[in-house]
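Welcome! Take a moment to look over the sequence and the structure, and then let us walk through a few of the features together.

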Amino acid sequence: VAAAAPILDDLRLQCATPLPLLRHVAGAMAAGMRTGLAADGAGELKMIPSYVYSLPTGSETGLFYALDLGGTNFRVLRVQLGGKDKRVVDTESEQVSIPKEIMHGTTEELFDFIASRLSKFVAMEGGNFQLQEGRKREIGFTFSFPVKQTSIDSGILIKWTKGFAVSGTAGKDVVACLNAAMERQGLDMSVSALVNDTVGALAGAHYWDEDVMVAVILGTGTNACYIERTESIPKLQHLGLGTGNTIINTEWGAFSDGLPLTEFDKDMDAESINPGEQIFEKTISGMYLGEIVRRVLARMAQESDLFGHSFADKLAEPFVLRTPHLCAMQQDNSEDLGEVESILHDIIGVNQSSVAARRVIVEVSDCIVKRGGRLAGAGIAGILQKMENDSKGLILGRRTVVAMDGGLYENYPQYRSYMVEAMAELLGPRDMEHIVVEHTKDGSGIGAALLAAANSKYAAAQLLA
Ligand code: BGC
């Protein structure tokens with residue numbers, strides 16, 4: 001164990017996130033936002049306009065579907081909206097994990113998989129769900145990858161992230177891909193809104209609470225979106241939108257300025273399927289935290305007797321140690337760290353570990369999780385500061401809600417506290433008093449359905465009726 005100590009000390013130093021570093025990250029995030037709003041491709045942050053100009057008001061009625069293709073799972077959902085008084089009358093959803101072969105297959109295979117799941121789900125419709133006569137079923141499609149929106153119901157995949165490597169999709173309109181697959185299934189539905197999961201989460205949360213201004217996903221991957229004034233978006237000025245608000249998808253996963261990275265991060269990035277990309281995401285999101293820790297442990301096992309003199313091959317396998325394992329280890333408050341022992345044994349094949357060795361491993365996890373949580377907090381503070389700078393007092397001087405979703409945020413209490421702690425350090429107690437960081441479970445699914453309703457192909461008919 002003693003021989004592992006210098007590696008741990010080094011790690012602590014390199015992953016440290018003292019206030020000046022966080023300040024730099026928040027400032028660079030705000031600056032990157034401005035650069036991305038000025039022109040397409042101008043900086044690391046894509047700052048993608050969502051084409052959402054009006055958020056759901058609550059008066060939407062009828063049956064709407066949502067599809068949610070994100071990180072680990074694929075979900076289908078239906079919601080019956082009852083207007084101002086009844087709001088959400090009923091919802092039903094189904095979730096499946098996305099098979100590995102689909103994540104690494106062809107575009108057609110992926111969209112056929114989606115359309116066939118959707119078709120089965122639609123076939124089970126009944127009970128409280130009722131389509132208005134003469135209408136097609138409408139879909140809000142949550143597609144959680146960087147997409148260049150071309151309208152509210154179309155957009156081109158820029159690149160895959162989060163371990164997806166489906167061939168032939170980049171550069172294509174994903175709604176056209178879905179329509180083609182639905183046609184192959186004989187399914188006659190129509191996509192009324194294509195949204196990023198952050199945008200869905202913002203719309204879903206805003207439906208219940210109008211003070212929601214920002215939405216952040218911390219799950220397999222990470223991203224944030226926020227409500228921006230159209231006059232603050234130079235790259236949209238040619239559209240002559242006048243004054244109003246819209247949602248901007250920052251794609252902050254691509255940020256990298258000033259991040260404290262270690263050799264473990266750099267090696268993981270170099271061996272990833274998207275080297276040099278999504279560096280913020282690789283430092284703070286759920287897909288990667290376990291893998292970074294595994295890399296540190298593998299080094300410790302090589303250079304010390306942390307796990308005795310032999311160590312299992314399993315430890316050499318990329319991505320065996322997952323973020324939920326780190327989380328389970330960090331919840332172990334027992335004297336002998338029994339839970340840590342069983343994870344080491346079951347997951348990375350360590351037959352024997354001393355209590356001291358288990359402690360070191362918990363420390364390594366904490367170090368990586370703390371860096372991730374604090375950097376996420378700095379990112380959020382950066383967004384809030386950018387918004388406040390453009391409209392003094394309208395953000396930090398009043399109740400402002402940041403809607404959070406994603407498995408990492410939802411399930412990892414230490415990560416959550418590190419994140420909020422960093423926000424408080426950066427924003428100070430006075431501003432922090434008005435900021436509400438709130439979990440909106442499942443916002444993105446319902447949110448996409450609500451955006452489909454708000455952008456319904458039948459909206460004009462509805463007004464006339
Ligand atoms: C994608 C984003 C998405 C985020 C969270 C990232 O990898 O680029 O579009 O919002 O993951 O799901």
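## Helix α2

How many residues does helix α2 have, and how far does helix α2 reach from its first C-alpha to its last? In this predicted model, helix α2 runs over residues 19–38, which gives 20 residues. The reach is 29 Å, close to the 28 Å expected at 1.5 Å a residue.

Now look at which parts of α2 are covered. Its buried residues are Leu 22, Val 25, Ala 26, Ala 28, Met 29, Ala 30, Gly 32, Met 33, Gly 36 and Leu 37. The cover over these buried residues includes the strands β10 (222–229) and β11 (245–249), along with the helices α9 (279–284), α13 (355–390) and α15 (413–432).

## Helix α5

Helix α5 covers residues 107–123, and its end C-alpha atoms are 24 Å apart. That agrees with expectation, because 17 residues at 1.5 Å a residue should span 24 Å.

You can find the buried residues of α5 at Thr 107, Leu 110, Phe 111, Phe 113, Ile 114, Ala 115, Ser 116, Leu 118, Phe 121 and Val 122.

## Around the ligand

Which residues come nearest to the ligand? Of the 14 residues around it, they are Thr 161, Asn 196, Asp 197, Glu 251 and Glu 281. The shell is made up of three nonpolar, seven polar and four charged residues.

For Asn 196, a polar side-chain atom lies 2.8 Å from a ligand oxygen atom, and for Asp 197 a polar side-chain atom lies 2.6 Å from a ligand oxygen atom. The ligand taken alone exposes 320 Å², and the protein buries 98% of that.

Technical notes. Residues numbered from 1 in each chain as written. Predicted model: local features only at pLDDT ≥ 70, side-chain atom pairs only at ≥ 80, totals over all residues. Heavy atoms only, no water. Helix = DSSP H or I, 4+ residues; strand = E, 2+ residues; numbered from the N terminus. Expected span 1.5 Å × (residues − 1). Buried < 20%, exposed > 50% of the residue type's maximum accessible area, 1.4 Å probe, protein only. Contact = heavy atoms within 4.5 Å. Near = heavy atom within 4 Å. Polar contact = N/O pair within 3.5 Å; in protein donor to acceptor, adjacent residues only side chain to side chain. Areas by Shrake-Rupley, 256 points an atom, 1.4 Å probe, with all protein chains shown as cover. Nonpolar A, V, L, I, M, F, W, Y, C, P; charged D, E, K, R; others polar.
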